[in-house]
Amino acid sequence: TIIAQPAPFKSWNTDVDEQQMLNELEVEPRTEALQPIRDLGQKEERKFSKRRSVFRDWKEDNEDILEMAASIDISYTRIPKILRNDTQQVDEVTDLLKSRYGQLK
């Protein structure tokens with residue numbers, strides 16, 4: 001498939017009634033051969049550049065961010081209720097979740 005420049009055309013408005021307008025187009029036949037802008041059959045090699053992408057402002061996770069996010073997420077769980085407020089077990093489970101939080105998210 002080849003994309004080419006459009007042919008020259010004339011445009012004018014025609015009153016259909018007072019409420020509605022229609023555009024009419026008059027296209028003249030091409031007199032010269034089409035010159036392709038680009039061939040769609042060939043794909044250009046593109047490399048990802050974070051600086052030019054929508055992810056340019058993305059900040060990588062670090063230990064402080066993961067710790068804060070894990071604490072917030074764990075505060076919404078029912079771990080203490082499930083473990084019947086056994087503080088030692090609750091601490092062990094939350095420490096385990098925080099240590100693996102980067103893999104869990």
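What percentage of the 105 residues in the chain is made up of buried residues? The share is 10% in this chain. The model shown is predicted. The views below go from the whole chain to single residues.

View 1. Read from the N terminus, the elements run β-β-β-β-α-α-α-α. The chain exposes about 10,400 Å². Carbon and sulfur atoms supply 51% of that area. Take the contacts in the chain with a separation of 6 or more: residues 24 or more positions apart account for 40% of them.

**View 2. Ile74 is a buried residue of helix H1.** Helix H1 spans residues 63–75, and Ile74 lies in it. Ile74 has 14% relative accessibility. Buried means under 20%, so Ile74 counts as buried. Which residues does Ile74 touch, leaving out those up to four places away in sequence? They are Ile79, Thr94, Leu97 and Lys98. Lys98 is 24 residues from Ile74 along the chain. The C-alpha atoms of Ile74 and Lys98 are separated by 8.6 Å.

**View 3. Glu67 and Lys98 meet in a salt bridge through their side chains.** The N to O distance is 3.5 Å. Glu67 lies in helix H1 and Lys98 in helix H3, so this pair ties together parts that are 31 residues apart in sequence. Glu67 has 41% relative accessibility and counts as partly exposed. Lys98 is partly exposed too, with a relative accessible area of 30%. Lys98 is also one of the residues that Ile74 touches.

**View 4. Lys50 forms a salt bridge with Glu60.** The count of salt bridges comes to two. In the Lys50 and Glu60 pair, the closest N and O atoms are 3.6 Å apart. Both Lys50 and Glu60 lie in the loop between S4 and H1, so the pair ties together parts that are 10 residues apart in sequence. Are Lys50 and Glu60 exposed or partly exposed? Lys50 counts as partly exposed, at 32% relative accessibility. Glu60 counts as exposed, at 55%.

**View 5. Phe48, Val54, Phe55 and Trp58 form a nonpolar patch on the surface.** Together these residues have about 530 Å² of accessible area. Look at Val54 in this patch. Val54 lies in the loop between strand S4 (36–39) and H1. At 73% relative accessibility, Val54 counts as exposed.

**View 6. Asp86, Asp91, Glu92 and Asp95 gather in a patch of negative charge on the surface.** Where is Asp86 found? Asp86 sits in the loop between helix H2 (79–82) and helix H3 (87–99). Its relative accessibility is 33%, so Asp86 counts as partly exposed.

**View 7. Arg84 has a positive phi although it is not a glycine, and so does Asn85.** For Arg84, phi is about 55 degrees. For Asn85, phi is about 55 degrees. Arg84 lies in the loop between H2 and H3. Asn85 has its place in the loop between H2 and H3 as well. Are these residues buried or exposed? Arg84 counts as exposed, at 75% relative accessibility. Asn85 is exposed, with a relative accessible area of 58%.

How values were computed. Residues numbered from 1 in each chain as written. Predicted model: local features only at pLDDT ≥ 70, side-chain atom pairs only at ≥ 80, totals over all residues. Heavy atoms only, no water. Helix = DSSP H or I, 4+ residues; strand = E, 2+ residues; numbered from the N terminus. Buried < 20%, exposed > 50% of the residue type's maximum accessible area, 1.4 Å probe, protein only. Contact = heavy atoms within 4.5 Å. Patch = residues over 30% accessible without salt bridge, like charges linked within 9 Å, V, L, I, M, F, W, Y side chains within 5 Å. Areas by Shrake-Rupley, 256 points an atom, 1.4 Å probe, with all protein chains shown as cover. Salt bridge = Lys/Arg side-chain N within 4 Å of Asp/Glu carboxyl O. Lys, Arg positive; Asp, Glu negative; His and termini not counted. Charge placed at Lys NZ, Arg CZ, Asp CG, Glu CD.
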